Amino acid sequence: METNLALLLLFAPFAGFLINVFFGKKIGKNASGYLGTAAVAVSFVVTLFFFLQVSSTKKAISVELFEWLNLQNFTVGFNFLLDQLSLLWLMFVTGIGTLIHLYSISYMHDDENMHKFFAYLNLFVFFMLTLVMGSNLLIMFIGWEGVGLCSYLLIGFWYKNQDYNDAAKKAFIMNRIGDLGFLIGIFILAHIFHTLEYTNIRTAVENAWTIDRTWLTIAMLCLFIGACGKSAQIPLYTWLPDAMAGPTPVSALIHAATMVTAGIFMVTRLNFLFNLTPDVLEVMAIVGAITSLIAASIGLVQNDIKKVLAYSTVSQLGLMFLALGCGAYEIAVFHVITHAFFKACLFLGSGSVIHALHGEQDMRNMGGLRKVMKITFATFLISTLAISGLPPFSGFFSKDEILMTAFHHNTVLYVIGSLASIMTAFYMFRLLYLTFYKDFRGTEEQKHHLHESPGLITFPLIVLAILALVGGAISLPGASWLNEYLAPVIAKPAVHHHLGPTEYMLMGIAVVGALVGIGIAYAKYMNKGEVPPQDSEIKGVAGLLYNKYYVDEVYTAIIVKPIYAIGSFFKNVTEAAISGLVFGFGKAAVFLGKQGGAVQNGSVGFYLLIFVLGICAIVGSIFLIK
Amino acid sequence: MNVSLILVILLFGALATWYSGDKWASKVALAFSTVAFGVTAFLTYRFFTVDNPTVTLSFSKMWIANPRVVLFFKADGLSLAMALLTTALTPIIILTSFANLFPRKASFYGLILFMAFAMAGTFLSEDGFLYYIFWELSLIPIYFIALMWGGGDAEERKKAVVKFFIYTFAGSLFMLLAFIYIYQRTGSFLAFNLYNARLNETEEMLIFLAFFLAYAIKIPIIPFHTWQANVYQKAPAAGTMLLSGIMLKMALFSIIKWQLPIAPHFAEKYKYIFIALCVAGVIYGSILALKQTNLKKLLAYSSLAHVGLVAAGAYTMTLDGFRGAVLQMLAHGFVVVGLFFAAEIIERRFATQEIADMGGIRLKTPVFSSMFMILVLASVALPSTFNFVGEFELLYSLAQANIWMAVVGGLTIILGAFYMLRMFQQVMLGDGTRAFADVTVIEGVAFVLIIAVLLFFGVYPKPLVELVTPTLNELLTYIKQLR
């Protein structure tokens, strides 16, 4: 029963994928959309069932299907584990997934390949479920690469545009760099533990095996590289902003709420191992903090509405890694969830705006939309307040806990994280003001067509906005349901600081900081009514930020170009040299042949004949001698 | 019923095809090759179910008394796996050629079956001399196929094909000398006797290197690869598929079956040199693939990279290395045939191999694009494809030998994604106005068969693992005992 239900949970989206691939065109756009949505909704309902069950029994459910890989030291099976962590992830993956599918029915309705869109989206959910439900690292890896594939397919969904294809390819390759790290990490762990099952590894660790710490540290570092690829951390973050080439629901689902949190999921999954390697955690905290600051600073000056949100995602993911690096896994998970709510809402809201403006994404050509798009505006406002970290919105609680933990861990990291948060408040309100306030700056044509989006689009927005508003309730300071729920899967709970004067002071600073950020945005874009200048006029520091610190250009110069240069060298020099050498032997032989004289008549067939006869002579003579 | 039946069917099929005339040749060849596959599959099934399968299913008969050569076709896990690869791919390759309007079809398809016969014989022979005969025999049909039915400028083609012939033939001669040398010690060419030849250190070195030359040229391993890209590009698609899908596996197979058990001490002592050389080939091939402007040449260099990894795994002389190598040989066989078929389909429609002249195909062909995409993904070893199973075990075996080998060899998953996706983008995506007919039923069937194999064994490789593991363990035991 449990096995069958778990399989239903996993394979419902896959069935949706298959039906949409083979029959999507025939059954029509609406049917294909609702079918895709229903497939994910089924998974959500089953997840809910398991979630309630495990919440009360506190017993994880494991499902074992069959052996997949047999290696000398270990075997890997198609085994799945439904425990507190995976079910929590499944809850918001399938929940938000269902909402975004629903939203897409309306959003993608004018696209001729709508069935394909839903097929890919279903396939994505299937692989995401595999990633989360797997009970060992290699099943996770199937999902890990699978979601990367779907991300590739969906970023390049409008494949006629080669720029989009470039973005898709870049995302896949950068992820693969991380994946190599992931694989090497798996190799080392398999070598150490002779198993890849989480529960077995945890047992081994708790029974105090003598583990080679150096190798373990290398392994965890490699896995962290994998996380950097998937969760867009320095130095592998540049694919995520480009990934905005995909349709907006994709950005909301894959590149904000679910797939990019896979790295955090993996680290939390293996928290009992990361606890043993404090050096790796330290690296993680530093990388996370710096990523959050760098990405936030780039977000300050971007003018594409989705790019702002993309950099904001990178920045928020950085904060989550900061929390993980401090060993506060529950807090990172908390922020993953609240972030999923408000960031999905923000992306879908931006999609609603883009939809109303017929594809316009540049905020310089927006403005004044709050009058016509009331629901979109209201939900966007709530989410913006949440991401800016104002009480009582959900983002306040999760972000505040991260900063508090960072403060007790390392003051410098705390300052970096706080700076990133202030910047976040600024650029989010900049976005809000530029998009929804003042007067409309687009064309008359667009102005004429301005409208609120239909119900299929606004409904998900409302649900997500409510969640963004109250989501903080799952982990209130001092009375955290989440921490208690996750206790069985977290080996060493985060240190929870009592709410003393210091903590209240930190909270105060965070709120004041956010207000300062908002205030500056208000002064600039509301009081002075500024509109960001045209691209050519962006200079100085702003120019540096606008061009994303030229990181892409640097990567091209120091990695891509040298590879091509080596390629040219191989192609033009090495290959020719080797070939020449081989022919050299041939020519030498011909030369000798010429000295031999008479047999040289230019017929290859004759050469071969002589060749074969000669061999026969040699072989024959050896046998005869014998 | 024993494994010699496979060879009889293929040889008889070759003759029947030859005499059936141009009109029926392709169908007759398809029928015989399919029967050969059915028989191989049935024998494999029997191999799992009968008692003492190797004895029951092998064929052995004295052939020549002096020098002592035995007609010994052995059924073990390894030989059956390779025979399965040969007989499964042959009908698919024949199917892919159906649309080609070749002259002298009877000769063409007859030679394909003759080639399958020779290759299957190479895999099944337990007697070294017999093995050598089949090994060389397989060179003759592919020489004519490439020369007579290839594309492009005839003079250039001749140059490339003759170069290939002489090169591989010359390499193989050293192998022959090695066999004869050991025979003088053992008085028998049977594998088991050759393994126990008790060679001294110098003899082992010379024999190992003689084998290496033969195999390195055939696989190919850098720097013995310069014949490859030109031949792959100029041969007809079926010839390229035979070469890359099956023939080069003869050499990879031989490393495991002949080279390592015969010269284990030398191999053990210097294995890192050979692993490093093969791993270097992985990177070299990948980077060269990035620079190719010709689709078939790109696939050729990609193949160079993939088989380099297989050879590296074999030279680790561990169960994981051996098994990963065998699984990857099978997986690579299917995927490379599929990829060259995709290239062939494009060439049929666009009459070009130049990537720059392609693009916008996806717009016109949902089915072909999906199938090509799946093959690309299998080629870059996406988990849940067969290629991942092989590549994972290969890389793990390298990691066990030396973690850096796995890191460098693992770069293939990044570089592979780089050149394959780049190729797919340039060839298939983008906007386009030129007409491009989607796959025909026959083309579709060939693709579906290949993809079904790649996906099925990607998820459930267990039957193959159970087939090959005991035999590989046996070979490893020899290698270790002797060592």
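**View 1. Where chain A meets chain B.** The contact draws 41 residues from chain A and 44 residues from chain B, with two residues counted as touching if their C-beta atoms, placed from the backbone, lie within 7 Å. On the chain A side, the elements giving two or more residues are β1 (61-70), α5 (137-155), α6 (162-193), α24 (551-596) and α25 (604-625). Helices here are DSSP runs of H or I with at least four residues, strands are runs of E with at least two, and both are numbered from the N terminus. α6(A) gives the most to this side, with 13 residues. By type, the chain A side splits into 24 nonpolar, eight polar and nine charged residues. Nonpolar covers Ala, Val, Leu, Ile, Met, Phe, Trp, Tyr, Cys and Pro; charged covers Asp, Glu, Lys and Arg; the others, Gly among them, are polar.

A note on what you're looking at: this is a predicted model, where local features need pLDDT of at least 70 and side-chain atom pairs count only at pLDDT 80 or more, while totals for chains, interfaces and linings use all residues. Residues are numbered from 1 along each chain as its sequence is written, and chains are lettered from A and ligands numbered from 1 in the order in which they are written.

**View 2. Helix α15 against helix α16 in chain A.** α15 (residues 329-356) and α16 (residues 374-388) of chain A pack at about 145°, their axes 9 Å apart. Each axis is a line fitted to C-alpha atoms over the stretch in contact, and angles run from 0 to 180 degrees between N-to-C directions. From α15(A), the contact residues include A:Phe342, A:Leu346 and A:Val353; α16(A) brings, among them, A:Phe380 and A:Ile387. Sorted by type, this contact has seven nonpolar, six polar and no charged residues.

**View 3. Helix α3 of chain B.** This helix (residues 77-96) has 20 residues and reaches 29 Å from first C-alpha to last, close to the 28 Å expected, that is, 1.5 Å times one less than its number of residues. α3(B) is mostly covered, with 20 of its 20 residues buried. Buried is taken as 20 or more other C-beta atoms within 10 Å of the residue's own, with C-beta atoms placed from the backbone.

**View 4. Chain A as a whole.** Chain A comes to 25 helices and four strands. Its C-alpha trace spans about 100 × 65 × 55 Å along its principal axes, and buried residues make up 54% of its 626 residues.

Conventions. A residue is buried if 20 or more other C-beta atoms lie within 10 Å of its own, exposed if 12 or fewer, and partly exposed in between; C-beta atoms are placed from the backbone.
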